[in-house]
Amino acid sequence: MTLLLFLAILDGLAYAAQVFMVAVGLTLIFGVLRILNVAHGSFFAIGGYVAATLGTWAAATAAAPVLALPVLLLAAVMVGGVLGPAIERLVLARIYTKEHVLQLLVTFALFMILEDVQKLVWGVQPIFQDGPVRALGQVEVGDIIYTAYQLYLLPGVALATLFGLMWFLRRTLTGRVIVAVTEDREAATAMGIDANRVYLLTFTVGTVLAALGGALASPTTSLVPGVGVNMIVLSFAVVATAGLGQIEGAMLTALLIGLGRSVAVYFAPEFEVVIPYIIMVAVLLIRPHGLFGRPELRRV
Amino acid sequence: MDRRLTLPTLAAATTVVALAIAAPWLKFVFTVALAKGLAVLGILLLLRAGQVSFGHALYIAVGAYTVAFLRPAIGEVLLLLPLAATAGTIVGFAVGLFVARYRDIFFGMLNLAFSMVFYSLLEKLYAYTKGTDGIRVPRPTIGGVTLDPVAYEWAVLVGTLALALTLGWLVSRFLASPLGQALPAIKTRETRLEFAGISAKRVLLVAYVASAALAGLGGGIIACTTLHVTPLLSYWTHSGELVFIAILGGAGSVLGPFLGAAVYELVRVYAAAAFPDAWQMILGAVLLVIILFAARGLWGMYEDLVLRKDRRA
Amino acid sequence: MTAPLLSARGLKIAFGGVKAADGIDLDIAPGEFVAIIGPNGAGKTTFINMTTGYLRPHSGHIHFDGAEITGRPPRSIVRRGIARSFQIPQLFTEHTVIENVALKVAAHGRFWRPFRPLLDAGTAAAAMRLLEQFGLAGVATARATELNEGTRKLTDIAMAMALRPRLLLMDEPTSGVASAEKFGIMDTLVAALRAERVTAVFVEHDMEVVERYADRVAVWSQGKILASGPPAAVLSDPAVLREVIGVETGHAHA
Amino acid sequence: MAKLTRRTTLQAAVASTLALPALLPRQAIGQQKPSEIRLGISTFLSGPASVFGVPGRNAADLLIEQFNRAGGIGGVPIRSIVIDEAPGVDFLLGECRRLVQNEGVDVMLASISSGSCLAVAPLAEQLRMPTILWDCGTQRIFEEASYRYCVRTQANAVPEIVAPLLYLMKIRPDFRTLAVLNQDYAWGRDSWAIWKAAMDAVKPGVRVVAELFPRFGATDFSTEITRLLALRPDVIFSTSWGGELDTFIRQAAERRLFERSTFVLPLVESSLERVGKTLPEGVIVGGRGDHWFLHPTAKDTRILKDFTAAYRQRFNLYPIYPTFHMAQALYGLKAGYEKAISANGGSWPSREQLMDTMRGLEFAHLTGTMKIREDGQGLEPMLIGMTKHVNEYPFPVIDRMVLFPPELTMNPIGTKGLDWVRLLTPASVQRAPAEIPYRA
């Protein structure tokens, strides 16, 4: 029983790391732009596809094991660096003044378009590139075999991302500007902050993070049409549960979901699917603005 | 009702019937479109209050599965449809009590959560729902009469058209009432509403339950038309589709949802026929263009082109 | 003296370390028109917020017409007959002026009837009568976003009056209004209040306005009522001048 | 450019709507030899199931070209119109109506999803539309209703599950514990229900140590795999497919789950090329029927070799079971038309004549022959085997093959599959034919 629980926690942590990587970019974007980006799942999928493509190329070179991991990061930066600014400047920048529902729907339109783009570029055959997992090898816990990728790398990257972002947002000038916009957009722009640059930067960083989530997932899972669709709902649940733009909240939520899910798989498999939603409803019942969210005071 | 709507409404209704006579397959497409239009009419109510539900496919599924579950006991459309609307109302009230307290992203996401839980239930409760295989609905009677398939399809189309006209008229009346006018007030100055002694939560709840009832009815009609229901009806992309249609049609008029639904279905059919591998991309591009260049939707375009010209003349 | 319409006793509230109210006792008699003055951030608006239920005092009690209303939600307090206006007018920006007022008229009456138009004959007439009283009939069909600040202020107050209150709390009715307009606004306002026999309290920075219109002035400083009485007496009190108005005028000229 | 295309599309759309009245008489007469056979095909072109849908469509394109080069069917060329079943039943049924009533389609090949087939079949009856169910697996469809205008040209869930069970009993009769990991949707649940009922009949007392139904579309099975590693069941049964099966296999291989349990994967034939030799030897393989590009009795025939070569050349992949299912549907249709034409004295058959001929039809396809039963179900043998690594291919091939005849695995007319499997006995296993080893 205790062994089972211990294993469940290990699995939960690994899963939480993946959930966090999927949701953190969305949380950041939502906090600053107040746009719930439905296309986030598409960035995830494209990040995965590009990583797999690059990985297949890297595997053919002599330096295969060395290249396996850097290729993931490269893919994320490439996808985020191209798609992020392009979409923010060409599409989102035109709708910042419009109603929220239109902003949401614009990203829904992008999602529909990118969904077919993936299909046209990468086809419908599942793509799998597990070079990075092989490069890192296996770990034994008791008599259970884990992959080092899952046990060390994923949680490691998630923690690095969390602390990196916290450092960036709190200690750097750019980061503080972003936080200022998150907390009070009007006051920040009144103080002379160029909101457009903040939006561009945030959206790009968020897109890179989404693509990184996909790139990190690609060695462990098959990329198929629709792989981004499922990610969207999950990351939405994380964002709402965490509270608007709360990076630490996203981590805590990811942990809750990860552990909740793995405990469910062990002890009540039937509930696995609805775990994120149950957690979300429960949290919002008690804290209507999310785990770390504060009510936005309406000035009277 | 706004007199400016009378002419386009009659023209649209006539067009639907005329096209359905010319091309029989459109009977089905239009019936489904009008049924979705009813659900979108409910979305419109929430949009007036500035709230977006990303989970209203839940109520379509509730209505549709109500018909599917009751069909063995009740074989009459005139009973099944009110029951579908009632089921939508009941579930809408229960969920609404909870979600009406929330706004914006939380409102949207909680609706999404409820619809996804329902979707999972439809798959999980395999013994009752047959999971993704879905449930067959034998063709019911209408007014006690067993109709042949073609007559049945006509009856359902005309009945749905009549329902759309009646409910569209009622909703436009509702929107002009103090209660309906309080919806945009929730969007712009919710606190002021409270300082007028009105519970914004209760106003939103009324709109929410109405929207659930409309979607439940729409779902019932879909079940009576497709005669087969599957859990996919409640999947979140279908909720997104409803919001899509609302924006495509334009939130400015009760005619918007039906216009949007008809155009949506036709664009999808022809996009799928012309580009079977990329119809989704075409729909997405249409949506993108509408939002960027005609944010008030098709109805807004119509207003700009026709009504403004009238006023100038 | 008749029983006060509104009676506050020992109200305390603090934000962070700042004591906005530190033992406030204040009575408002029926029919009075009372001005509250004091330096910025002294807690004057907080008093309105506490009285209308938007904020809950940390301690103390508020009675209205003999009944305790402390900490009740805004909705219930409004129904008892207290309405308020806002320093920054809170209009329904998607509606026209008459619709704004009519919504408030309807809020008091047949709000929950779903299929009767907002602007049916009865409600429209009542709203129009108020608009005429406030000199707003000319902008009845203008959108709330198209108005100048003075008209917005008056609309905001007309909306509060549409609730047929017995006590009206106004937050700086003339702030942001061109000084040429302010007396016109106040004349219109006072006439309307007298016609409807509404007791009113207003927070004000403009001493000319206070002197000319208020029956009584209460001076709010550092969470306490420093002085209270007829304008002529209070405004000539050197302590008040030093504590409040000195700061105030200095502030205004800065 | 884009504008032009859209306008052309719209014009075509309007024109086709208006042209409808002209099409109606053609259907009404019917008996005249048409200028072409219009074939409507519904399949998944988007979403996860396009893993099967697109190969099916590709096979159709390839074979229809081949047929047409050889004169079509009875001298009439075939033209296909493909529609996407992914958006759901309300869309699919609208599309079917459009194909039948507007495009004047003569025959429908319906659907991969069982839900789609269950919805299309009644519509086919209503529209009197000859319909071949080309890939969907549910046995319920002909058990719960009878259809005049629908037949299926492949087996169904019952033999697809009973055959691997009998194979497991033959190869490894001593197993005591079993775990299941299926996708959480109708097929996953149905296939487990059949397996469980059949297993309880042929080998009572097997302990089921875990029933895992991860969400449809799950991307990570590591928690489930940990659990399976800890439980050490003798057998792990999974009817998953597509990307999820690939993921499960990779993750299980990385964590050496294959070393601890015997895997029974009745659909893994469709994943072999993708997962490659990550899938170890000794895994029990199925492919939903009597087909494989190295089918033991057909591998040296011209027809299969040509098809495999042409398919590989065009799509750069080996054919998998949905391509064979599509081939069965097309060969079945061709055989049905040809038989009906000759029975009709050389003149073109009516829809009813065609469908009457289809019942009881025995026809040859790429890898063998099969029969359509009177109730519409297809009687197709089941090829089950075990993975083996060889040098000629970069992925596992199937060794120790057993071809289970339909008599052993298929319930008779008038019975329900789920009831019938409970009547299986340990003796059923003894009647299995001999193994056929893999030959290069």
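## Two contacts in a predicted model

Chain C is divided into two domains: domain 1 spans 1-81 + 166-254, and domain 2 spans 90-164. The model is a predicted one. Between domain 1 of chain C and domain 2 of chain C, the C-alpha centres are 25 Å apart.

Domain 1 of chain C puts 14 residues into the contact, and domain 2 of chain C puts in 11 residues. On the domain 1 side, two or more residues each come from strand 7 (167-171) and helix 6 (179-196) of chain C. Helix 6 of chain C gives the largest share of that side, with 7 residues. By class, the side of domain 1 of chain C that touches domain 2 of chain C holds 10 nonpolar, 2 polar and 2 charged residues.

The other contact joins chain A and chain D. Chain A brings 33 residues to it and chain D brings 32 residues. Four elements of chain A each supply at least two residues of the side that touches chain D: helix 1 (2-33), strand 2 (144-147), helix 10 (227-242) and helix 11 (247-267). The largest share of this side, 6 residues, belongs to helix 1 of chain A. The side of chain A that touches chain D has 19 nonpolar residues, 10 polar residues and 4 charged residues.

Conventions. Residues are numbered from 1 along each chain as its sequence is written. Chains are lettered from A and ligands numbered from 1 in the order in which they are written. This is a predicted model: local features need pLDDT of at least 70, side-chain atom pairs count only at pLDDT 80 or more; totals for chains, interfaces and linings use all residues. Two residues are in contact if their C-beta atoms, placed from the backbone, lie within 7 Å. Ala, Val, Leu, Ile, Met, Phe, Trp, Tyr, Cys and Pro count as nonpolar, Asp, Glu, Lys and Arg as charged, and the others, Gly among them, as polar. Domain bounds come from an automatic or database domain assignment.
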